[in-house]
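User: Could you zoom in on one spot in this model for me and walk me through its surroundings? Keep the cut-offs in, please.

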Amino acid sequence: MQNETITVTNTESGQPMQVVVLNKRAHLITVVIGEGIHNVQCDLVPTRNGQAYAGTIMGREIVYSRSREQVQADLDAVNPDLKKSRKF
């Protein structure tokens, strides 16, 4: 199984970092930062305007700069059967 990684930005330092995605849905992305016993999970939720995902880890804010629609399109591309089962 291939782990999906995404690039998030630390807002304090502006540095990008690669994190592993544990769970990805349009309304919530759970990422893991670190490895082994030193890993920490963080939930990224959509911002008010829906243009990014933000979360806090150990007092630091991290941002994933993709909109909710872009993430949903990524999920639909991976498994098109899920798109058919959603009710609008």
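Lys24 is buried, at a relative accessible area of 15% (buried means under 20%, exposed over 50%, partly exposed in between, with a 1.4 Å probe and protein chains only). Before going on: this is a predicted model, where local features need pLDDT of at least 70 and side-chain atom pairs pLDDT 80 or more, while totals for chains, interfaces and linings use all residues. Residues are numbered from 1 along each chain as its sequence is written, and side-chain values use heavy atoms, leaving out hydrogens and water.

Lys24 sits in strand β2, residues 16–25 (strands are DSSP E runs of at least two residues, helices H or I runs of at least four, numbered from the N terminus). Its side chain makes a polar contact of 2.9 Å with that of Glu4; that term means N or O atoms within 3.5 Å, within protein one able to donate a hydrogen and the other to accept it, and residues adjacent in sequence count only if both atoms are side-chain atoms. Leaving aside residues up to four places away in sequence, Lys24 touches Glu4, Ile29, Tyr64, Val71, Asp74 and Leu75, contact being heavy atoms within 4.5 Å.
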